[in-house]
Amino acid sequence: MIHGKELKDWLKDYPLLEQLISLEEAFWFNPAYQPFHAAISEQSFHLHDVQEAEERLKRFAPFIATVFPETRQANGIIESSLLEISGMQQLLGKVFGQHVPGKMLLKCDSHLPIAGSIKARGGIYEVLKHAEALALQHGLLSREEDYSVLAGDAFRSFFSQYTITVGSTGNLGLSIGIMGTKLGFRVNVHMSAEAKQWKKDLLRKNGAHVIEHSADYSTAVEQGRREAESDPNNYFIDDENSADLFLGYAVAALRLKQQFAEKGIVVDHEHPLFVYLPCGVGGAPGGIAFGLKLMFGDAVHCFFAEPTHSPCMLLGMMTGMHDQVCVQDFGIDGRTEADGLAVGRPSRFVGKAVEKLISGIYTVADRHLLMLLALMKDQEDIALEPSALAGVYGPVSLFMKGTSYIEQRQLSKSIKQATHLCWATGGNLVPAPEMKQYVEKGRTLYKEIAKQ
């Protein structure tokens, strides 16, 4: 742990660090941010990469519709709804004394089919890409075929020769475990200490092998990586460094643009889009932010959201050290109700990919996550897990701590026509008793805060 004179030097170089160490809510503006045309020129990924990922998901749609009946109405496309939450928007103004101008929406990845979280899109995509590669390599499939054939026993028998391994705090493990076992793969999920018991139970129920660790997320990932390295038939899905996960998540932006068009939502300089993305190791928010910049350029402003007890991406990007620094270096414990965001060390791969694309990062206290969880359930009848509420806190944080960003970007006039999009990460699969406990905690906190 860093302390003494070394800590003083850090605090001198990064004044915001004192707030992070004190577990205070903070708002960081990204000084490396560049206009889209400049930032995108340095990217190793491009629009055609995201479009290729979308086409692959379309090829697999017949298979998905066959084995997951809940996706048949959408013809096997795994996508979430977009809801206006004006009631919650008004309530935020009342609770925090901060008016949020414009329109406020919720992107309900919390209710994505199959795995019930934001990870369903990227995690499932990488499993499908791996399955396709194996089947094509062995001459069992052609890209022109109807991929529903993959639901047959012959393919399940073929894939049973192979293993997929991943390290996870929970939601990524669920998406990979559920899809992997459905195809016939053996799936090993290394789960960190923060992982909820119900997520472990659900994985086992679906046939995945769960390896529990008493240490944090980074240890679970490293153990999974080592295990896979010893077996050529064991494919490791690397949440910290996966281009496939990143591109799978980016597909969300293509679909969001279509959803906006269907709802008549305009995005341009006069109608700016602010997007608030809960962030753990960085893969999902990084991929989505990249896709959004491809779709909307400088008209979209992406902010990552982290718990006060686990601001790893903020630390990594603020210092430029990325995965060479972790929250524990500064005595921050990484313990949070937002288990999906309980990551001590960020992804260098993602940090470097978005370091000139995202507008900033803010932190949110657990008490606000739980309070907002209860208010969302009571006001909008939408059940979310704590991690998902980090996005909902975004507009409050922006207008309480980030008004200088609005001024710097010359958005003071157009802010009244802004769209605020809060990205919900998970919640649909949370067992009713556990959700009830979350809501009760949140209601109690709301009463306590209301008295102050």
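At what angle do α4 and helix α6 (residues 119-137) pack, and how far apart are their axes? Select both. The angle is about 80 degrees, and the axes are 10 Å apart. Keep in mind that this is a predicted model.

**Stop 1: α4 and α6**

An angle between 65 and 115 degrees counts as roughly perpendicular, and α4 and α6 therefore fall in that class. Now show side chains. On α4, pick A53, R56, L57, R59, F60, F63 and I64. On α6, pick Y125, L128, K129 and E132. These residues make the contact. Colour them by class: seven are nonpolar, none is polar and four are charged.

**Stop 2: α4 and α11**

Which residues meet here? From α4, select L47, D49, V50, Q51, A53, E54 and L57. From α11, select L247, A250, V251, L254 and R255. By class, this contact has eight nonpolar residues, one polar and three charged. Look again at A53 and L57: they belong to the α6 contact and also to the α11 contact.

**Stop 3: the sheet of four strands**

In what order do the strands of the four-stranded open sheet run? Read across: β6-β5-β4-β7, with parallel pairing. Select β6 (209-212) and β7 (234-237), which stand at the edges. Each has a single partner strand, so one side of each is left without a neighbour in the sheet. Turn the view to follow the twist, which averages 20 degrees from one strand to the next.

Zoom in on β4, residues 163-168, beside β7. Four bridges pair these two strands in the parallel sense. For one example, click V166: its bridge partner in β7 is I237.

Bring two helices back. Helix α8 (residues 171-183) packs on this sheet and touches β4, β5 (186-191) and β7. The direction of α8 makes about 165 degrees with that of β4. Helix α10 (residues 217-229) lies across β4, β5, β6 and β7. The angle of α10 to β4 is about 165 degrees.

**Stop 4: the sheet of seven strands**

Move to the other sheet. This open sheet has seven strands in the order β1-β10-β9-β8-β11-β3-β2, and the pairing is mixed. Find its edge strands, β1 (27-29) and β2 (82-84), each of which pairs on one side only. Here the twist averages 25 degrees from one strand to the next.

Walk along part of that order. Start at β9, residues 300-307. Are the residues of β9 buried or exposed? Eight of the eight are buried, so the strand is largely enclosed by the rest of the structure. V300, C302, F304 and E306 point one way, while H301, F303, A305 and P307 point the other.

Step to β8, residues 273-278, which pairs with β9 in the parallel sense over six bridges. Click L277 to see it opposite F304 of β9.

Go on to β11. Four bridges join β8 to β11, and the two run parallel. V275 has L421 as its bridge partner in β11. Six of the six residues of β11 are buried, so β11 too is largely enclosed by the rest of the structure. T419, L421 and W423 cover one side, with H420, C422 and A424 on the other.

Next comes β3, residues 103-108. Six bridges join β3 to β11 (residues 419-424), and these strands run parallel. Two pairs to click: K103 has T419 as its bridge partner, and M104 has H420.

**Stop 5: S347**

Finish with a single residue. Where is S347 found? Look in the loop between α13 (312-319) and α14 (348-354). Now show what surrounds S347. Leaving aside neighbours within four places in sequence, S347 is in contact with E240, V281 and M313. Last, select F349. The backbone nitrogen of F349 lies 3.3 Å from a polar atom of the S347 side chain.

Conventions
Residues are numbered from 1 along each chain as its sequence is written. This is a predicted model: local features need pLDDT of at least 70, side-chain atom pairs count only at pLDDT 80 or more; totals for chains, interfaces and linings use all residues. Side-chain values use heavy atoms; hydrogens and water are left out. A polar contact is a pair of N or O atoms within 3.5 Å; within protein, one must be able to donate a hydrogen and the other to accept it, and residues adjacent in sequence count only if both atoms are side-chain atoms. Contact means heavy atoms within 4.5 Å. Ala, Val, Leu, Ile, Met, Phe, Trp, Tyr, Cys and Pro count as nonpolar, Asp, Glu, Lys and Arg as charged, and the others, Gly among them, as polar. Axes are lines fitted to C-alpha atoms, for helices over the stretch in contact, and angles run from 0 to 180 degrees between N-to-C directions. Angles under 35 degrees count as roughly parallel, over 145 as roughly antiparallel, 65 to 115 as roughly perpendicular and the rest as oblique. Two strands pair if DSSP finds at least two bridges between them. Buried means under 20% relative accessible area, exposed over 50%, partly exposed in between (1.4 Å probe, protein chains only).
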